[in-house]
Amino acid sequence: MKLFAYEKKHSERLRDTLSECTVLLKKDGHFPLSGPCEIAAYGSGIRHTIKGGTGSGEVNSRYSVNVEEGLIEAGFTISTASWLDRYDKELEKAKEQFIRDVKAEAKAAGQNTIVYSMGKAMLEPDYNLPLEGSGDTCVYVLARISGEGNDRREVAGEIKLSQTEIRDILELNEQYEKFMLVLNVGGVVDLSPVMGVKNILLLSQLGAQTGTALADILLGKGNPSGRLSTTWAKVEDYPAMPDFEDINETKYLEGIYVGYRYFDTFQKRALFPFGYGLSYTEFTQEVDKVEVSGEEVSVSVNVANQGKYPGMDVVQLYLSVPTERLDHPYQELCAFAKSKILNPGESQSVSLTFKLSQMASYDEERALYFLERGDYLLRFGNHSGETKAIALIKMSQEQVILTAKNVFGKPGFMELTATGRAEEELNDQIPTLTIEENAFKSETVEYEPNKEILPEVAQLSVDELLYMNIGAFDPNKSGIGSIIGNAGVSVCGAAGETTSMVRDFPHLVMADGPAGLRLAKEFYRDEKGLHSIGQSAIPESMLDFMPKILLFLLSLTSSKKPKKGSKLEYQYCTAIPIGTAVAQSFNEELATIYGDVVGSEMERFGVHLWLAPALNIHRSIRCGRNFEYFSEDPFISGKMAASMTLGVQKHPGCGVTIKHYAANNKELNRYGNDSLVSERAMREIYTKGFGICVREAQPKAVMTSYNLVNGTHTAEHRGMIEDLLRAEYGFQGIVMTDWVIALATNKKGIHRNTLASYEAAAGSDVFMPGGKGDFKEMKRGLEEGIVTKEQLQINAIRVLKMARELTEARK
C-alpha cells in the first residue's frame, strides 16, 4: 500500500510510541519471544481488531491493521486459520440477529433507528469450536467495542466475560507454555474469572496500527510501559450507582469518592489498582531527596533498570490531606513522571514538582478553595494500591487559596463521606518539612464579564447577530448532514462551521475527534460544492441501521467516482490511540506528539477547530464513551488534555475544543439526563481537569455537554460558563454546544432539550450545528427578553475574534 509522505511520517512516528500506551498486567517471563514462530491465535480481536470506539471517535483512516495482519507481516505463522474462519461464521449469524433485534427495539420504543442504535454493542456470542491450534505459543485477543449514544452493560459478553471466553482462555492457559491474554478493549472488563492466567496485556485500542503494535510487543520491539488510568476491579466492588439507568436523573451519591479515591479510602481491594503496570524488565525506584521551596514540593527519584530488557518506568506521587474541617480521600495523585528508555544497568534521576495549592479542597459552606492546617503525608509508590509515606509536610495555619462563589446549586441528597482516617505509623527516618505561612497567595475572583462591543459588531442587523450565534446552515435548504456529522461546506466531511452569512467576517471549520480528524477520505468539488465519494464520510457503525431510503438520499449527494472534469481529492487522516490509552502512557510529551500529528493534518486539510480532546471522568465503567476520555482522575486528565492542546495549537490557525463540559458520565438519554452533583464534587472531580487544561494551555474552544447539572442544561448554565470557566479558570476562547439535534431527544424523558435562546443568554457563543428552527427560537427569545441584544453582541465578538485569529494565522 502506497502512502502519501505525511501518512508515512505520521505512521512511523506513532508506531514507535504505541507500546507506551499498553499495560502489562501479568507476566511469567516467557515474553517477549526470541523471534517469529508458529502461533495459535484465538479470540474476536484477531481478525476483528478494534482501533477505537464508535461515534465522534471514529476516524476515516486509509487503512487499519488487524492482529492477524500484524502477526503475518512480522513473520509469524498462524496455525488457527480454520478456527478463525469458523468463528467468523458464528459472528456473522450473531450480528444479523443483533441488527434485527435493535431495529425491532427501536420501533417498539418509537425512536429513530439510527439514533437508537448509536453506540449499541453486540454481546460476544457463545459458541463451541475446538481449539486445534499447534505450536507452543498462543495469544487470545479479547475485543470489546462501545460508542457514543449508549452505555455498556454489566452482562456476560460485555463488561463480564462470556462463558465461552472464560472456558477457552482457561483451557489455552493450561495447554500452552507461552500463553498471553490480550485485551483489545476501550474500557474495564471484569477479569476475576481468569485471574489465574499467566500473562495479560492491556493492548487497548491504538488506532490504525493496533495489530502492528501487538506484533512488536510480542517480539520485544516494544516494551509495555503504560499504567492504568482507571481502577480495574470486580463489577460488584465499584461504588453502587442504583440510578445509573434512570433516564431522567442520576444522583452522584459517591461525591468525591470516584475511582481509586473510593477504593483506597474505603479499603476495597481492586484486581489491578489505578497506576498499576508491569514491564518486561525490572526496575527499582529510590527517593533521593524531598524539598520544599515556598509552596512548591520537589522530589528526586533514582530509577534503575535491573532487568534484561530496555524499558521505561513511571514514578507516581500521592498526597494525603489532613481532615480537620472536611473529609478527604486517603490519597490523591499530585505528580507523575516517566523515565527515558533505560538500558539494562542504566539509571536516571527523575524529578517531580507540584504546588500544594493545586491540591486545595473546596469548602461549599464558605465558597472558597483552601488547604487544611495539619500534617500532609507525601506518598510514593508503583501504583495507588501500594504507596508509602516519604515525607511529612507540616502546615500550622489554614491557607485560603481562592475565594469564589457557589454556582452549581444543591443536588438534594447527602453524599458519601469518609469518617476519620486511622492513625498511621510512620518511619522515624522520613523527613519533616514545614510550610511557611507566607508561601501562599490568596486571591478573590472578579466575576464581572467583559462587555466591550466592537464597532463592526455593533453595526450588525438582528438577523446577522443571530447567524453569528448559531452554527452555519443554509436558510434556503433543509437536510440531514448535521445529524451525521457531515455538515462541512468548506471541508468535505467536517462536522460543522461557524456562519458565513455575515459578509467580510471569516468563519471557522470544525472536524470531529478525539482519536484523530474525522473527514471524508475521498471527495471531489464542482460548481455545486463538495461531494464525498461513496460513503466515506459516514461512520461505519451507522451503515447497518440506516433505512434504505436514507442511504438512497445520501447517494444523491455522493458518488462512486468524480464527476467528469473534476479531480479526485484525498483526506486520509491518522487514527491515534483512544484517550484512555493516551493517559495510560503517563507521558505528557507523548500526548503532545499525538496533538502535533493532528495539528499537522488540520493545517493540511483546512480545519481550524478539532472537536477534542475529551476529558470527562471515568465515573462508572458502564459509560459507553469512556474510551474517549482519559481517566478516573482529574489531574492526569487535565495534564494530558493540556499537553495534547499544546501539540495541536503550535500549528498556525489550529485550535482544540475541549469537551464535554461537564459531568457527562453516561450516554443514556444524554440530551435530557440531569446529573445531580454537589458543588464540591463538581469542582474537585468533574471540572478540575478543564481548569488545569485552560490554565496550562488555553484551548481555543470549549464544548458544553448535553446533560443538565442540578436542573440546568450545561449550555444554559451561566455559572458554569461565565463564572467558573471564564472568571475563575481564565478561559479566553469561544464556548459552543455539542450538536443539539431535536431528532435525538428521548420522548420518554421529562426534561426538554437545550434551547438556543437560553444557551446564548448564558454566555455560550455558538449553538451547534445550527438550523432554521434554532434561528427562529433564538429570535423569539430575543423578542421575549430571554436573551438581550447586548449578550448576542458579546458572544458574536468572541466568535469574530477567534475566527480572525485562526484564519489570519494561516495567511
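Buried here means under 20% relative accessible area, exposed means over 50%, and partly exposed is in between, with a 1.4 Å probe and protein chains only.

Before going on, the ground rules. This is a predicted model, in which local features need pLDDT of at least 70 and side-chain atom pairs count only at pLDDT 80 or more, while totals for chains, interfaces and linings use all residues. Residues are numbered from 1 along each chain as its sequence is written, and side-chain values use heavy atoms, with hydrogens and water left out.

On confidence: pLDDT is the predictor's confidence in each residue, from 0 to 100. The chain averages 93, and 96% of the residues score at least 70. Residues 481-486 stay under 50, and for them the model has 21 contacts beyond four places in sequence. Contact means heavy atoms within 4.5 Å.

Back to the cysteines. How many disulfides does the structure hold? It holds zero, with a disulfide defined as a pair of cysteine sulfur atoms within 2.5 Å. Cys693 is in no disulfide, and the nearest cysteine sulfur, that of Cys654, is 16 Å away. For Cys623, the closest cysteine sulfur is in Cys693 at 19 Å, which is too far for a bond. Cys623 is also buried, with a relative accessible area of 1%.

Next, Lys639. Its place is in helix α14, residues 634-649. Helices are DSSP runs of H or I with at least four residues, strands are E runs of at least two, and both are numbered from the N terminus. Is Lys639 buried or exposed? Lys639 counts as buried because its relative accessibility is 16%. Its side chain makes a polar contact with the side chain of Glu696, at 2.9 Å. A polar contact is a pair of N or O atoms within 3.5 Å; within protein, one must be able to donate a hydrogen and the other to accept it, and residues adjacent in sequence count only if both atoms are side-chain atoms. Leaving aside neighbours within four places in sequence, Lys639 is in contact with Phe336, Glu588, Ile692 and Glu696.

Now strand β10, residues 314-320. Seven of its seven residues are buried, so the strand is largely enclosed by the rest of the structure. Val314, Gln316, Tyr318 and Ser320 point one way, and Val315, Leu317 and Leu319 point the other way. Which strands does β10 pair with? Two strands pair if DSSP finds at least two bridges between them. Six bridges join β10 to β11, residues 332-338, and the two run antiparallel; here Tyr318 stands opposite Leu333. Five bridges join β10 to β15, residues 374-383, also antiparallel. In β15, Leu378 is the bridge partner of Leu319.

There is another sheet to mention. Four strands form an open sheet with mixed pairing, in the order β13-β14-β17-β19. β13 (361-363) and β19 (443-444) stand at the edges, each with a single partner strand, so one side of each has no neighbour in the sheet. Strand β17, residues 399-403, pairs with β19 in the parallel sense over two bridges. Leu402 has Glu443 in β19 as its bridge partner.

On to the aromatics. Rings of Phe, Tyr and Trp (its six-membered ring) pair if their centres lie within 6.5 Å; planes under 30 degrees apart count as stacked, over 60 as edge-to-face, and the rest as tilted. The count by this rule is 27 aromatic pairs. Tyr6 and Phe605 form one that is edge-to-face, at 6.0 Å centre to centre and 80° between the planes. Tyr6 lies in helix α1 (residues 5-15) and Phe605 in helix α13 (residues 588-605), so the pair ties together parts that are 599 residues apart in sequence. Both Tyr6 and Phe605 are buried. Tyr260, Phe274, Tyr318, Phe336, Phe586 and Phe635 form one aromatic cluster.

Last, Asn66, in the loop between β2 (38-42) and α2 (67-73). Asn66 is buried, with a relative accessible area of 12%. A polar atom of its side chain lies 3.1 Å from the backbone nitrogen of Glu68. Not counting residues up to four places away in sequence, Asn66 touches Ile46, Arg47, Thr49 and Gly211.
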